[in-house]
Amino acid sequence: VTSIGNSAFSGCSGLTSITIDGRITSISDEVFYGCSSLSSITIPNNLESIGSSAFYGCNRLTSIDIPESVTSIGNSAFRGCSSLTSVDISHITPSIADEVFYGCSSLTSIEIPNNLQSIGNSAFYGCSSLDSIEIPESVTSIGSSAFRGCSGLTSITINSRITSIANEVFYGCSSLTSITIPDSVTSIGSSAFYDCSSLTSITIPNDVTSIGGNAFRGTQLTSIKLPDNLQTIGTQAFYEAKLTRVDFPQSLKTIGTFAFYNMASLTTVTFGDGLTSIGEGAFHTTGITSI
């Protein structure tokens, strides 16, 4: 056998183990999709690629040895592999595909290649056992919701080639206590840090011009220095955070609706001359004594 077609064993829920012959160079799309009893697989050393959704829903698969010959892994390849604890993808380039480890809730460690260029949308969504990750200097983009729901993630290092923090990228990372945003970043997306309930401090670079809606909603931020070039604060951006003081830069033009809603600890607000609009309910709170 030199090839196995798409979905060849899809839905074989009783299949527990499989050995792939050395003449096979690629695992096709959805080939083991829904093989919910699969716990053991042997992959040949000359394998070159793993297709999209190849192991989607193989929730008893605890480990897999991906040979160095593999250079690409498709979208959702290991989605729903909730028993997978570790995987080495240090040889995969140039990107980690969309949703590739979505829902891998037992994944505790992962080796990311040093020459990786991008991390796809929802790549590690729901990897709740992942506690730390280092993004190499080669990465230039991180997709939306890439680490959403990684509730065990306590720290992350973002390199200086990243220019924007994507929408929902750290949404629900409830154990994240600190993060360093590099000076290269110019925008923070919607819900980027939504419900990061352990986040107490963050430094926003001066070149950030926009903070998206719900970006820091549900955090424990007690103080923040808004960047000198900031122009827009989105809807509910700091909704129910714990800020006590906010000094707005002269560059700021717009504050969205309910941006600082329900902040009883916020007592002092200082606006700059550039402000042109304040949204409905932006400062709907009880503690402000000075404006």
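Predicted model: local features only at pLDDT ≥ 70, side-chain atom pairs only at ≥ 80, totals over all residues.
Residues are numbered from 1 along each chain as its sequence is written, and side-chain values use heavy atoms, with hydrogens and water left out. Local features need pLDDT of at least 70 and side-chain atom pairs count only at pLDDT 80 or more, while totals for chains, interfaces and linings use all residues.

**View 1. Phe-216 and Phe-238 form an aromatic pair.** The structure holds 21 aromatic pairs (ring centres of Phe, Tyr or Trp, the last by its six-membered ring, within 6.5 Å; planes under 30 degrees apart are stacked, over 60 edge-to-face, the rest tilted). Here the centres are 5.2 Å apart and the planes meet at 10°, so Phe-216 and Phe-238 are stacked. Phe-216 sits in the loop between β16 (210–211) and β17 (232–233), and Phe-238 in the loop between β17 and β18 (245–247), 22 residues apart (strands are DSSP runs of E, at least two residues, numbered from the N terminus). Both Phe-216 and Phe-238 are buried (under 20% relative accessible area; exposed is over 50%, partly exposed in between, with a 1.4 Å probe and protein chains only).

**View 2. Phe-258 meets Tyr-261 edge-to-face.** Phe-258 is partly exposed at 26% relative accessibility, and Tyr-261 is partly exposed at 22%.

**View 3. Arg-79 has two partners to look for: Glu-99 and Tyr-102.** Arg-79 makes a salt bridge with Glu-99, with the closest N and O atoms 2.7 Å apart (a side-chain nitrogen of Lys or Arg within 4 Å of a carboxyl oxygen of Asp or Glu). The charged end of Arg-79 also sits over the ring of Tyr-102, 3.8 Å from its centre (NZ of Lys or CZ of Arg within 6 Å of the ring centre and within 35 degrees of the ring normal).

**View 4. Arg-148 pairs with Glu-168 and lies over Tyr-171.** The salt bridge between Glu-168 and Arg-148 has its closest N and O atoms 2.7 Å apart. Arg-148 is 3.8 Å from the ring centre of Tyr-171. Glu-168 is partly exposed, at 25% relative accessibility.

**View 5. Lys-225 and Asp-228 form a salt bridge.** Their closest N and O atoms are 3.5 Å apart. Lys-225 is exposed at 55%, whereas Asp-228 is partly exposed at 44%.

Note on methods:
Helix = DSSP H or I, 4+ residues; strand = E, 2+ residues; numbered from the N terminus.
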